[in-house]
Amino acid sequence: MFLHGTSRINDANHLEIGGCDVTELKAEYGTPLYIVDEQLVRRRCREYMEAFTASGLGFQVAYASKAFSVMAMCRLADEEGLSLDVVSDGELYTALQAGFPAERIHFHGNNKTPDEIEMAIDAGIGCFVADNLVELHMLQAIALRKEVTVNILLRVTPGVEAHAHHAYASTGQTDSKFGFDIGNGAAQEAVKLASAQSNLQLLGVHSHIGSQIFETEGFELAVERIAEFTRKVKEELGVEFPVVNLGGGFGIRYVEGDTPLQVSEYVAAITGAVKKHFTGISEKLPQIWVEPGRSIVGDAGTTLYTVGTNKEIPGVRKYVAVDGGMTDNPRPALYESKYEALLANRAAEPNEETVSIAGKCCESGDMLIWDVELPKVESGDLLAVACTGAYNYSMASNYNRIRRPAVVFVQNGQSDLVVRRESHQDIIANDIIPARIAKQTVAK
Ligand SMILES: Cc1ncc(COP(=O)(O)O)c(C=O)c1O
């Protein structure tokens, strides 16, 4: 397993993260356990802040909290000076309860409900990223009733779609559930409508071109397209965009062969493209906002499991089962995502066998890793899976009524519980047996 951040193998041959021996973390918190390398998260936040500061442009780095939304993470993002992107009342509530300054919160999503919009307006959030015409009308109506003006960005699709291992494409985004298409004229119509609303303040546009992106070309092309659009809108409608938000999608290294760029390289490419394509459109260059999620928390997370049973099928493969699986990490089942693992309690031992790591759910598809090289694995060993900081806890479920794991932050030899493990009581906390059924049961 590639060792990220402060991860290292200590003298006892154990994996250590943030100065904490994972065998001791298991003794204190149990498994499965999400371990977050706090120093690495902070380093990633600072890489973004420093790279944008160096560019000389106005900016906001909004942590996309969908990647990992818990109160401690919101506090950390605030401490590091980041803004925050939320997509639901739940993420908004988490941020507000954590004391995150409302004016640095941006609300996303293609189907915000009237209740969510009211809650966000009442909290005084900084900006809505408006996704469609229904939402624009709803925002105007609610803002008018509340006698406030709300800041909005319009989500646009610039005709660029990029993913790791796929070349960026200059078509293909028109057919998206998100945003107003630039190519078919919907975005310009939306600008016309939004800028005519008495209670909406149009700050600019937003685009998000994909995820796990390893090159800069897609971002640069998006900037170019948005600059062309900005110029056209200024000429034809007299509307200017003080803000351009370029979303997230910056890649990280999950496994060998992944080749992400440094944060500074992504930022330099984006800010360079903005200077190149926006110069001369307005007096001032726009502020650039971005929304990294995965690249802030992804490689800082490690999930620790205890090995349980195994099953060897001669000539086929050996399955090794751990005490978690698709409930704490659905990404392999959803996206065929690849991960690396290490036998964390015998970390320096040479690899001896190829095994496949199975979860404990009643699903054949509940596999965490196919064919990983490990030392001879025994029941009771600890298995660490790297790079689970993003879209793991936030996508976790209670399928099979499995309890969601605890999350700890580790740094300087200290571990702090930031989410406690769910209890059996938590599992049934919202269950209700109607009296009618309860009586029948008693009658039998
Ligand atoms: C609008 C928007 N912004 C930001 C992100 C964060 O992306 P990532 O975690 O890849 O940086 C996403 C992810 O889906 C998104 O949809």
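The model is predicted. Begin by selecting Ser-83, which is buried, with a relative accessible area of 2%; the cut-off for that term is under 20%. Ser-83 belongs to strand S6, which covers residues 83-86.

The side chains of Ser-83 and Gln-60 are joined by a polar contact of 2.6 Å.

Now move to the ligand. It is surrounded by 15 residues, of which the closest are Gly-249, Glu-291, Gly-293, Arg-294 and Tyr-391. Select Glu-291 and locate its polar side-chain atom 2.7 Å from a nitrogen atom of the ligand. The backbone also takes part: a backbone N or O atom of Gly-249 lies 2.9 Å from a ligand oxygen atom, and a polar backbone atom of Arg-294 is 2.7 Å from an oxygen atom of the ligand. The ligand taken alone exposes 390 Å², and the protein buries 88% of that.

For the last stop, select Cys-362, which an unreviewed UniProt entry lists under "active site". Cys-362 is found in the loop between strand S20 (353-358) and strand S21 (367-374). Is Cys-362 buried or exposed? Cys-362 counts as exposed because its relative accessibility is 66%, and the threshold for exposed is over 50%. Finally, display Tyr-399 and Asn-400, which Cys-362 touches when residues up to four places away in sequence are not counted.

Methods. Residues are numbered from 1 along each chain as its sequence is written. This is a predicted model: local features need pLDDT of at least 70, side-chain atom pairs count only at pLDDT 80 or more; totals for chains, interfaces and linings use all residues. Side-chain values use heavy atoms; hydrogens and water are left out. UniProt positions are given in the numbering used here, feature names are shortened, and annotations may be inferred rather than shown by experiment. Helices (H or I, at least four residues) and strands (E, at least two) are DSSP runs, numbered from the N terminus. Buried means under 20% relative accessible area, exposed over 50%, partly exposed in between (1.4 Å probe, protein chains only). Contact means heavy atoms within 4.5 Å. A polar contact is a pair of N or O atoms within 3.5 Å; within protein, one must be able to donate a hydrogen and the other to accept it, and residues adjacent in sequence count only if both atoms are side-chain atoms. A residue is near a molecule or strand if one of its heavy atoms lies within 4 Å of it. Accessible areas come from the Shrake-Rupley method with a 1.4 Å probe; for residues, only the protein chains shown count as cover.
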